[in-house]
Amino acid sequence: MNKHRTAWAASALLALSLALTSCGSDTGSGSDTGDGSAGALSHIHGVGAFQGTLYVATHNGVYTPGPDGRPVLVGTRRDDFMGFTVTTRGSFLASGHPAPGGDGPADLGLIESTDRGATWTTRSLAGEVDFHALDTAAGAAADSTVYGYDATNGRLRASADGVTWEDRAELRALDIAASPAAPGTVLATTERGVVRSTDGGRTFGAPASPRLVAYVSWAAPDALFGVDPQGVLLRSTDAGGTWSRVGTVPGGAPQALTAVDSRRVLAATRDGVYESADGGRTFVRRMAVTTGGDGH
């Protein structure tokens, strides 16, 4: 392995270790204030969009940009939102840990918001699971399968209704993505590369490509996006078999990636939440990010 690949591998392994370690003991290191009017965010765990509005899931709640670009807290919950995804019908699915001093269990299980993050309802697995990654097939029906990477137990889980779950393959992963065309096809990013399952996550094959990718998001059958540990944005048209370089997300050290469609791409890095309107060739910073001492 050459020096460049060695550096990639080290970065990927570090990211995996961070993702599989709970943030519950950290009180946050950004400039978030109690009223949500902070100058910058910290500890980004997920990004999403619905009807043109950007949402950012963090260690201290879900935020959206205000008129001046400063983060505004959505709702009142300041939980540590780990896994986070916005479904095509506009529901927010999330997991993680309650805010310090909360009365609930240490692991939130699966929670859902149907009012864009204003309020949340527990769907399942409270006190049992901390999903560090969640996804549903883009464009699928309302009853499409929900996939979650259970970081508590190191396995993929799947549910048809968000309530009853099946255990799938055991693996050590950072991110997952479900195919928008074939709901049984799921990708997972690992320290060995991107691995693929075609049986709903029950089994995964060897990496189809040696390229190391940190985060993945599947916007359309021919628009699978990935970002490597150095912030290089990649695109695959063959379900992760091969990757082509599209551009570079500014800021380095990616923390989250979501492709809303084949042109709109959202990415969080060390210094900002960025948006591209041209398939990842260029990016504009939408919100500032401060980095804590642990690299988040």
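This is a predicted model: local features need pLDDT of at least 70, side-chain atom pairs count only at pLDDT 80 or more; totals for chains, interfaces and linings use all residues.
1. Strand 16 (residues 215–220) and strand 17 (residues 223–227) run antiparallel and are joined by five bridges, where two strands are taken to pair if DSSP finds at least two bridges between them. Strands, like helices, are DSSP runs numbered from the N terminus, with E for strands of at least two residues and H or I for helices of at least four residues.

2. Residues are numbered from 1 along each chain as its sequence is written, and side-chain values use heavy atoms, with hydrogens and water left out. The pLDDT, the predictor's confidence in each residue from 0 to 100, has a mean of 86 over the protein chain, and 83% of the residues reach 70 or more. Residues 1–13 stay under 50, and the model gives them 15 contacts beyond four places in sequence, a contact being heavy atoms within 4.5 Å. The pLDDT is also below 50 over residues 16–38, a stretch with 60 contacts in the model beyond near neighbours in sequence.

3. For the chain as a whole, the assignment gives one helix and 23 strands, and 55% of the 296 residues count as buried. Among contacts between residues at least 6 apart in sequence, 42% join residues at least 24 apart. The chain exposes about 11,700 Å², of which carbon and sulfur atoms supply 49%; these areas come from the Shrake-Rupley method with a 1.4 Å probe, and for residues only the protein chains shown count as cover.

4. The largest nonpolar core has 16 residues, and Phe225, Leu233, Val249 and Leu257 are those with the most contacts inside it. Such a core is a set of buried Ala, Val, Leu, Ile, Met, Phe, Trp, Tyr and Cys residues joined through side-chain atoms within 4.5 Å. At least two residues of this core come from each of strand 16, strand 17, strand 20 (256–259) and strand 21 (265–268). Another core lies apart from it, with 14 residues that include Ile44, Val47, Ala49 and Met287. Beyond residues up to four places away in sequence, leucine 257 touches several residues, among them Val47, Tyr215, Phe225, Leu233 and Val265.

5. The structure holds five aromatic pairs, counted when rings of Phe, Tyr and Trp (its six-membered ring) have centres within 6.5 Å, with planes under 30 degrees apart called stacked, over 60 edge-to-face and the rest tilted. Phenylalanine 81 and tryptophan 120 form a tilted pair, at 5.1 Å centre to centre and 45° between the planes. Phenylalanine 81 lies in strand 5 (residues 80–86) and tryptophan 120 in the loop between strand 7 and strand 8, so the pair ties together parts that are 39 residues apart in sequence. Phenylalanine 81 is buried at 0% relative accessibility, and tryptophan 120 is buried at 11%. The pair of phenylalanine 131 and tryptophan 165 is tilted because the ring centres are 4.9 Å apart and the planes stand at 35°; the former residue is in strand 9 (residues 131–136) and the latter in strand 12 (residues 165–170), 34 residues apart. Ring pairs also link Tyr55, Phe81, Phe84, Phe92 and Trp120 into a cluster.

6. Threonine 85 belongs to strand 5 and is buried, with a relative accessible area of 9%. Leaving aside neighbours within four places in sequence, threonine 85 is in contact with Ser91, Phe92, Leu93, Leu134 and Asp135. The C-alpha atoms of threonine 85 and threonine 136 are separated by 8.1 Å, although these residues are 51 apart along the chain.

7. Two backbone angles deserve a check. Most residues other than glycine have a negative phi. Glutamine 51, in the loop between strand 1 (44–50) and strand 2 (53–58), has a positive phi near 50° and is exposed at 61% relative accessible area. Arginine 116, in the loop between strand 7 (110–113) and strand 8 (121–124), has a positive phi of about 60° and is partly exposed at 31% relative accessibility.

Note on methods. Buried means under 20% relative accessible area, exposed over 50%, partly exposed in between (1.4 Å probe, protein chains only).
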